[in-house]
Every structure is written in structure tokens, then in C-alpha cells.
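Subject: Structure for you to look at, with notes

Dear colleague,

I am handing over the structure below, and I would be glad if you kept it open while you read the notes that follow.

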Amino acid sequence: LPLLQIVHILNMTSAKIVSFLLHPEESLHSLQNRIEFETGISTGNQELLLETGICLDPRKPASQCVIDGVRGWDSYMVYLFDKSKTVYDGPFASRSLSDCVNYIVQDSKIQLPIPQLRKVWAEAVHYVIGLKEDYSRLFQGQRAAMLSLLRYNANLIKMKNNMVSASQQLKAKLEFFQQSIRLDLERYSDQMAYGISSEKMLKAWKEMEEKASQCAQAEDIGHLDEQIMALHTEIVELQKSPYARRQGEVMESLEQRAIDLYKQLKTRPPDHAYSDSTDMVKIIVQTVQSQDRVLKELFGHLSKLLGCKQKIIDLLPEIEVALNNIKEADNSVMQMQGKRQREIWHLLKIACTQSSSRSLVSSSLEGTAPSPAATWLPQSSSGNAAPEDGAFFFFSSCRESFADVIRENVNYLELFSSILQEVRQEQNSMMVS
């Protein structure tokens with residue numbers, strides 16, 4: 001026969017326990033449906049935490065609540081929270097008194113025979129111990145909520161670090177890109193009168209500069225960073241709070257007093273003597289009052305934990321959006337940088353072919369026959385070369401040095417002729433488009 005597995009669910013919204021016998025291979029969703037029927041908390045709003053603060057995995061069977069070989073077969077507790085609530089304010093009624101204990105509480109001075117009193121006081125001690133254990137279980141539920149909050153906070157810190165790192169990388173790339181394009185635009189303006197000009201290229205570069213300024217908005221994560229830091233401070237304060245530690249010392253002391261009182265009664269001979277229950281009733285009343293106080297503190301602290309956790313849950317999507325915006329801006333900057341570099345390298349071909357063309361014309365005037373491909377390049381009305389958009393001014397200052405090199409390397413004329421042909425085709429295609 002399969003081993004029976006029983007799981008106890010402590011409903012933190014009502015401080016009541018519901019127990020379930022797990023069916024073999026039962027799914028967690030099936031268990032949650034049964035929990036909804038018993039507690040009224042919908043499956044979508046149920047958060048089931050183990051003592052470690054780990055949330056139950058919906059992909060695993062319900063038996064994940066039970067760890068074999070660690071505890072007794074019926075001692076497992078799972079803590080149920082309602083995700084639609086962040087304030088748990090009670091009031092939570094103490095466990096019910098048995099009839100005989102209630103009898104002495106109503107009239108503590110009533111005289112009872114010692115044998116009968118022993119039975120009543122035994123139940124009274126059991127009641128006092130139960131009050132302390134009820135608090136201990138609820139405190140353990142609060143502890144699970146704190147551990148769950150710390151897990152969420154660890155994930156928040158990880159995402160924040162990724163966001164800050166990505167933002168710093170974007171900032172560095174933007175600074176480099178903006179300095180580079182400002183220098184390019186300055187140099188372009190310096191040589192426009194005597195070098196190469198292209199209104200389309202100039203417009204494209206200025207648009208890049210403006211787009212880079214827009215990308216800079218993505219690196220502004222100050223508002224999110226402030227919220228995260230405020231949350232960190234709040235979590236630290238919650239951890240330092242005295243209510244984050246067990247407050248059951250008074251109840252433990254009262255429990256021991258009740259046990260000692262019962263032991264004293266047991267030593268009395270079972271004669272015809274009678275006695276009242278004044279001392280035991282005082283302990284019961286004090287224990288109930290103590291439990292009321294510590295539960296009020298416990299649930300006040302728990303509400304703060306859950307409120308803090310909800311802030312993290314609300315922040316995570318905002319951080320995800322910010323991170324995606326940073327990545328998109330980063331990709332945009334890299335694409336613009338790549339486009340400008342491709343334009344610069346393409347201009348190298350233009351500069352080389354211009355230098356080659358002029359060198360060959362000069363050689364023709366000295367008696368050397370020029371290559372037909374060397375005379376195709378059009379001239380602007382000002383006598384300046386009119387290369388395709390994307391030509392870069394820097395190479396215009398290097399034409400004479402290129403001409404000297406080509407003049408000394410006549411063997412490469414055929415190679416340059418082929419480059420000329422390629423550039424002609426590219427310029428024709430650009431003119432057509």
C-alpha cells in the first residue's frame with residue numbers, strides 16, 4: 001500500500017488550519033482546488049509557501065509538500081497567503097475552550113474534588129500549551145513570508161545590477177559616439193569649401209546626432225534606483241524589527257507555570273478534599289491576553305512584509321521595461337556607429353579611385369596612354385569631385401600622397417581599374433534609387 005501523506009495548510013488570513021490527505025500522484029492544481037473549496041481563496045490568489053520561503057512549484061505534484069525521512073508522516077505545514085491582500089488585521093479568535101475548562105473559567109472559585117480537578121487542570125494545561133503552539137505556527141508563517149521577501153529582494157538586486165551595468169555601458173558608448181560625430185561634423189565643415197561635400201550625408205549625420213540624444217533618455221534610471229534603494233532600507237528595517245523575532249517568552253513562562261501547578265495538584269492525595277481553580281484560571285486569562293498582544297504585533301509586521309513584497313512585484317516589470325529600452329538604445333547606437341564606419345571605408349575606395357584617375361591623367365599628358373576606366377569620374381561645377389553619399393572628407397587631404405604611391409606602382413593599374421568599374425556601378429545604382 002502507498003504511504004499515506006497528509007499536509008496541513010495554515011491559512012494566514014484566518015489563522016486556521018485545514019488538513020488534506022494527498023491522493024497518489026495528485027497535482028498541485030488539484031490540491032489548490034480543494035483548498036479553494038475549504039478557504040474561499042481562489043487558486044489564482046493562493047500563494048503556498050514552505051517554511052524555507054520557497055513557493056510550491058505548479059509543475060510538480062502536490063507531494064512536494066512532504067519531504068521523506070525528515071519528519072513524521074503527518075507533521076508537514078504549508079503556509080497559505082492570499083495574494084489579493086497585503087493587510088492581515090484579524091481579529092483572530094483564540095482556540096475554543098473545552099466545556100470543563102470553560103466551566104472553571106466562568107467561576108474560578110468553585111470547589112471541585114481533587115480527582116475531578118486533576119482532569120480539568122490537565123485540559124487547562126493542554127489549552128495553554130495549544131495557545132503557545134498556535135502562536136509559534138503563525139510566527140513560522142511570518143518567517144516564511146520574510147524568507148520569501150528576501151528571495152524576491154535577491155531577484156530585484158540581480159535585475160537592478162543588470163540594469164545599472166547596461167545603463168553604464170550605454171552611457172559610455174553614447175559619450176564615445178557623440179564625441180566622434182561632433183568631431184566628424186567639425187572636420188566636415190572645415191573642408192567643405194575645398195574638399196568633398198554631400199548634403200545628404202550631412203543631414204544623415206545630424207539625424208544620427210539627434211537620435212543619439214534621444215537614446216540617452218534610456219540610460220536615465222534614477223527614479224527606479226531611488227525606489228529600489230528605498231525598498232532596501234525598508235527591508236533592512238523590517239529585519240531589524242523586534243517583531244521579526246519570536247515574542248512567545250511570556251506564553252512560554254505561563255505554560256511552565258501551568259505545568260508546575262498541575263504537578264503540585266498531582267502530588268496531593270486523592271482524599272475527600274476540595275479545591276478551587278483561581279490560580280489556573282489566572283494563567284489561562286494571562287495566556288489569552290498575551291497571545292492577543294503578540295498576534296496583533298505579528299500580523300502588523302506581516303502586513304508590512306507583504307506590502308514590501310508587493311512593491312517589489314510591481315517594480316520588476318518596470319525594471320524589465322527599462323532594461324529592454326537600454327538594450328534597444330544600445331543596439332541603435334551600435335548600428336549608427338557601424339553605418340558611419342561603413343561610409344568611411346567606402347569612401348576609401350572613392351579617394352583611391354580619384355587619386356588613381358588624376359595620376360593616370362597626369363601620365364597621359366606626359367605621353368602615357370590612360371586607361372579608359374580612369375576618366376569616368378564626374379566633376380562638379382566647382383571642380384570638386386561629387387562622390388556618392390557617405391564620402392568622407394578626410395581622404396581628400398590624402399590625394400597627392402595616394403597619387404605618389406600609385407605613380408610608383410604602375411603594376412596595380414589593372415586592380416584600380418576594376419575598383420573604378422565597381423564604384424561606377426555603385427554610383428549608377430545610387431543615382432537610379
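This is a predicted model: local features need pLDDT of at least 70, side-chain atom pairs count only at pLDDT 80 or more; totals for chains, interfaces and linings use all residues.

Which residues of helix 4 are buried? They are Met 201, Leu 202, Ala 204, Trp 205, Met 208, Ala 212 and Cys 215. Seen down the axis of helix 4, they fall within an arc of 165°, so here too the buried residues line one face of the helix. On the other side of helix 4, the residues Glu 199, Lys 200, Lys 203 and Glu 210 are exposed.

Next come the charged contacts. Side chains of opposite charge can pair when their charged atoms come close. A search of the whole structure finds 10 salt bridges, and I describe some of them here.

In one of these, Asp 134 pairs with Arg 95, with the closest N and O atoms 2.9 Å apart. Asp 134 lies in helix 3 (residues 114–191), whereas Arg 95 lies in the loop between strand 4 (76–82) and helix 2 (99–106), so the pair ties together parts that are 39 residues apart in sequence. Asp 134 has a relative accessible area of 17% and is therefore buried, while Arg 95, at 30%, counts as partly exposed.

Asp 134 also forms a salt bridge with Arg 137, and there the closest N and O atoms are 2.8 Å apart. Both of these residues lie in helix 3, three residues apart, which is about one turn of the helix. Arg 137 is partly exposed, with a relative accessible area of 24%. Taken together, Arg 95, Asp 134 and Arg 137 are linked in a network of salt bridges.

A further salt bridge joins the side chains of Arg 293 and Glu 297, at 3.5 Å from N to O. Both lie in helix 7 (residues 278–365), four residues apart, again about one turn of the helix. Arg 293 counts as partly exposed, at 38% relative accessibility.

The largest pocket holds about 240 Å³ of space, and of the 15 residues that line it, Ser 14, Ala 15, Lys 16, Ala 93 and Asp 134 lie nearest its centre. Strand 2 (16–22), helix 3 and helix 7 each supply at least two residues of this lining, and helix 3 gives the largest share, with three residues. By class, the lining of the largest pocket has eight nonpolar, three polar and four charged residues.

How many cavities of 30 Å³ or more does the structure hold? It holds one, and the space in the largest cavity is about 30 Å³. The residues that line the largest cavity are Tyr 135, Phe 139, Gln 142, Tyr 243, Gln 247, Val 294, Glu 297 and Leu 298. Helix 3 and helix 7 each supply at least two residues of this lining, which by class has five nonpolar, two polar and one charged residues.

Finally, please find Asn 11, which is placed in strand 1 (residues 5–11) and is buried, with a relative accessible area of 5%. Asn 11 and Leu 48 are 37 residues apart in sequence, and their C-alpha atoms are 9.5 Å apart in space.

With kind regards

Notes. Residues are numbered from 1 along each chain as its sequence is written. Side-chain values use heavy atoms; hydrogens and water are left out. Buried means under 20% relative accessible area, exposed over 50%, partly exposed in between (1.4 Å probe, protein chains only). The arc is that of the directions from the helix axis to the C-beta atoms. A salt bridge is a side-chain nitrogen of Lys or Arg within 4 Å of a carboxyl oxygen of Asp or Glu. On a 1 Å grid over the protein atoms alone, a cavity is a set of points where a 1.4 Å probe fits but cannot get out, and a pocket is an open set with protein on both sides within 12 Å along at least five of seven lines; lining residues have an atom within 4 Å of a point. Grid points are joined across faces, edges and corners, and a volume is the space filled by probe spheres set on the points. Ala, Val, Leu, Ile, Met, Phe, Trp, Tyr, Cys and Pro count as nonpolar, Asp, Glu, Lys and Arg as charged, and the others, Gly among them, as polar.
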